[in-house]
Amino acid sequence: MKQMKTTELPRWATGIVLPLLNLLSALLVAALVIHLLGESPVESMKILVDSAVINPEGLGYTLFYASTFVFTGLAVSIAMKAGLFNIGAEGQMYFGGLGLTLAVLAFDASLSPWLMIPLAMLGAAVFGALWAFLPGYLQAKRGSHVVVTTIMFNFIAASLMNFIIVKYLLPEGEQNPASRVFAESAALPTLNTWFPFFGDTPLNIGFPIAIIALVIYGVVVSRSTWGYQLRATGLNQHAAHYAGVRISRMIIVAMLISGALAGLASVNSIMGSTHYLSLNFPAGAGFIGIAIALMGRQHPVGIFLSSVLFGALIQGGFDLSLEKPNIPVETFIFIQGLIILFCGAMENLYGPALLKLINATRKG
Amino acid sequence: MQPAVEFRNISKAFGPVQANADVSFTIAKGSIHGVIGENGAGKSTLMSILYGYYHADSGQLLIDGQARNIRTSQEAIDLGIGMVHQHFMLVENMTVLDNVMLGAEGGFKLAAQRKDVENKLRDICTRYRLDVDPLATIHDLSVGAQQRVEILKQIYRSANILILDEPTAVLTAQETASLFEILRLFKDQGKTIILITHKLGEIMDITDQVTVMRAGRVAGAVTTSETSKEQLASMMVGRPIEGNLPRQPFNPGAPVLKVSNLQLQDASKVQLLADINLSVRAGEIVALAGVSGNGQSELMEILAGMRLPTSGQVELEGKALPYTGRSNADGLPSTFRQLGIGHVPEDRLRDGVIKDYSVMQNTVFGYESRVKNRWGLFDFDAIAKRCAHLLQAFDVRPNNPDLRIGLLSGGNQQKVVIAREVSAQPKLMLVGQPTRGVDIGTIEAIHTQLLRLRDEGVAILLVSTELEEVRALADRIVVMSGGRVTGELPIDEFDTTRIGLLMGGMHKS
């Protein structure tokens, strides 16, 4: 006899109700902490929502951050589908930024934006993929666990980039460890050109590109035979081998795509905002990708919604700390941690109870 | 005398599935009581309730005449109930002694009690003729010996009621005989044994009373000496079972599979397969008989392309299979499928299906490249049509293509796997343990399908550890032992004793 597991919950429950309950729990704990800091949780929440969603400019910033997170979220998700926990999106995004920058520094004076931007994106994707290749190869051929190698590669990327930026990219006479500022041809067109509603925000074509990436991801993963094999590899490697999937190639390819997507995350944050390569520019976006993949359950809609949520938390949290001196900026990191805790580590906390409730209502 | 166990109106449901419905029967003290039934008949659920894993929705459980509410397995153990699971609960790299003491250490300092427990174990071993060295490490022991360790563990914890779940599934005929000796000794000491099985022969051999379960209910309770296999079988399925399935006269065609001098060594140079020579003709079922773990699985994996042989040659319709020039078997099964080799794997949950995929998705598993359009996307209409046809033709229940296959019973999962492999119209079909964990009604359906495939001219290589199955299906029997072929005989010379000896490694003499 089979024991009823939480996985037997209907899809609307695992896909919508559980994540919402988890999110609510995280926010409740956050509210408690804000209360302990001596501020009103309700008022703080209001400020947060106001500045992140209701205010058009705030919304613009929220979606700008979300555009980056969609890519890191996709990067972690596609690896997760293959059963690989890619912790290295941070490093891959960082290294992808180098590919982008090298392309731009070489051609931004001579190429038009129509050529410059795709070329820079290609550079970002190739370098990101490159940084994910070795962990993927080692996992596939040597069984070195990808979690361990990608963590190490994050550190290597940080040191290597530090070296490259300071030694080779720093313009003469500059103190700030960053490359030179890119020419206008390498700037992503902002959306307020067409939608003045968003006001003065960096929201750019990176956002529609992210949406396109989500759609492609959704189709490839759940409609293509390749995606079918990818998921089979993640769910049961023995069976995938039986079915004729080339497991080691699948692992390497999944890591390459994952790395390329992480690399592409740098496009929005560099070419959409700072316009130069700076030290530690990913600023944790790769790690947020992990939370997004977990919370969005690797589903394109879920990834989109969680990306927007995290974008809103950054944007709103920043304004909140300006308005409420008792609440430090780090509160956002704390809330982010809570969300990861509830959505990742305690994913099934409410599963059994919800199952009971559903069974009870069905009987009654 | 008080009965050892009494079930009174026990009911238990899992969601919409009624696993036990109003089950009532008693088990006499000092008897061997058989509980039989098809898969999913509710035997395991009932025993899990007795052992404290599950809690009955309603009904009463009496142990030695007293109503008990067993909430955890620890409480069951305290009441003197012991369970030997089908899959052993042993720590492989610990000794017998440590395994017995695990969970019953009885204090912080281990060393002090070790000697004590060891002596007790030696004493129990002599008394029950268990033949186990307390200081041996588990992974060095044979399957039969590991099972004796499980029994030893229960006796040490002074179990008076011993539940055995399909204990002979992994044993040779000789090991089964010695297990039954032990059980009889156990009974002579006044202890009670509950034997869960679906093998009617064993029930007739050893039990005093039998309870037959069907669809969660008690379908019959009889005294073993007053019943027959036929009667039990028809109680189990609810209808009389046909003895022999119809088959066309044996009329083999050209050889399809030819294996010559096949060798396989593992990484540490242990010889897993030695000098295998074998052929299967079109329209012929060749059964590889043998106790499991004697190289049959490895041979099947090689023939399916899941594993590379160390040396030797395999020909399919006269053409050598492409093992050479590669460092691993990655992707090879796909090539073999295109060459016309179908494979129903032995371990269907490990290899044959993706539990989290729907029934429909599983019907194209391994053949997904045949149902894609030019964009590399699935042609869902074609798949759905194909799936509906297969579920109908192979009578998969429930007939719902969108259900996760993990929710189907073992028999129905197997039907999906067989349907998928048959529908690809292979020239050679490799079939591993097709009816393991499958209920009697489904066994018949699966056997019928395999015989039909044979009559259509497909060459079939079957691995089975059940001699009944071998007898029902095979045209020719090849016996394996220790990675070698020890004998070969046509079906009309079927002889249990001779096959048993060959399985034990006695060469053709």
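**Figure 1. The loop residue B:Asp266.** B:Asp266 is found in the loop between β11 and β12 of chain B; helices (H or I, at least four residues) and strands (E, at least two) are DSSP runs, numbered from the N terminus. B:Asp266 is exposed, with 10 other C-beta atoms within 10 Å. A residue counts as buried if 20 or more other C-beta atoms, placed from the backbone, lie within 10 Å of its own, as exposed if 12 or fewer do, and as partly exposed in between. The C-alpha atoms of B:Asp266 and B:Asp98 are separated by 30 Å, the two residues being 168 apart along the chain. The model is predicted: local features need pLDDT of at least 70, side-chain atom pairs count only at pLDDT 80 or more, and totals for chains, interfaces and linings use all residues. Residues are numbered from 1 along each chain as its sequence is written, with chains lettered from A and ligands numbered from 1 in the order in which they are written.

**Figure 2. The four-stranded open sheet of chain B.** The strand order is β12-β11-β14-β15 (chain B), and the pairing is antiparallel; two strands pair if DSSP finds at least two bridges between them. The edges are formed by β12 (271-281) and β15 (319-320) of chain B, each of which pairs on one side only. Strands β11 (residues 255-265) and β14 (residues 311-316) of chain B are joined by five bridges in the antiparallel sense, and B:Ser260 stands opposite B:Gln313 in β14(B). Helix α9 (residues 296-303) of chain B packs on the sheet, where it touches β11, β12 and β14 of chain B, and its direction makes about 60 degrees with that of β12(B). Contact requires C-beta atoms, placed from the backbone, within 7 Å. Axes are lines fitted to C-alpha atoms, for helices over the stretch in contact, and angles between N-to-C directions run from 0 to 180 degrees.

**Figure 3. The six-stranded open sheet of chain B.** Its order is β6-β7-β8-β3-β9-β10 (chain B), with mixed pairing. At the edges stand β6 (81-84) and β10 (217-223) of chain B, each with a single partner strand, so one side of each is left without a neighbour in the sheet. From one strand to the next, the twist averages 20 degrees. Strands β3 (residues 32-37) and β8 (residues 192-197) of chain B run parallel and are joined by five bridges; B:Gly34 stands opposite B:Leu195 in β8(B). Helix α5 (residues 143-156) of chain B lies across β6 and β7 (161-165) of chain B, at about 170 degrees to β6(B). Helix α6 (residues 173-188) of chain B lies across β3, β7 and β8 of chain B, at about 145 degrees to β8(B).

**Figure 4. Helix α15 of chain B and its surroundings.** The 16 residues of helix α15 (residues 440-455) of chain B should span 22 Å at 1.5 Å a residue, and the end C-alpha atoms are 23 Å apart, which agrees; the expected span is 1.5 Å times one less than the number of residues. Buried in α15(B) are B:Thr442, B:Ile443, B:Ile446, B:Leu450, B:Leu453 and B:Arg454. They cover an arc of only 120 degrees around the axis, which puts them on the same side of α15(B); the arc is that of the directions from the helix axis to the C-beta atoms. The elements covering these residues include β13 (285-289), α14 (410-423), β17 (428-432), β18 (459-464) and α16 (467-473) of chain B. Just after α15(B), B:Gly457 takes a positive phi of about 100 degrees.

Figure 5. Four bridges pair β16(B) with β17(B) in the parallel sense, and B:Val431 in β17(B) is the bridge partner of B:Val344. B:Gln433 lies in the loop between β17 and α15 of chain B. Phi of B:Gln433 is near 40 degrees, a positive value in a residue other than glycine. B:Gln433 is buried, with 23 other C-beta atoms within 10 Å.

**Figure 6. The nonpolar cores.** The largest nonpolar core has 181 residues, and those with the most contacts inside it are A:Ala120, A:Ala254, B:Ala287, B:Leu430, B:Ile460 and B:Leu462. Such a core is a set of buried Ala, Val, Leu, Ile, Met, Phe, Trp, Tyr and Cys residues joined through C-beta atoms within 7 Å. Helix α10 (residues 247-274) of chain A contributes the largest share of this core, 15 residues. A second, separate core of 57 residues includes B:Met83, B:Val84, B:Ile194 and B:Leu195.

How values were computed
Two residues are in contact if their C-beta atoms, placed from the backbone, lie within 7 Å.
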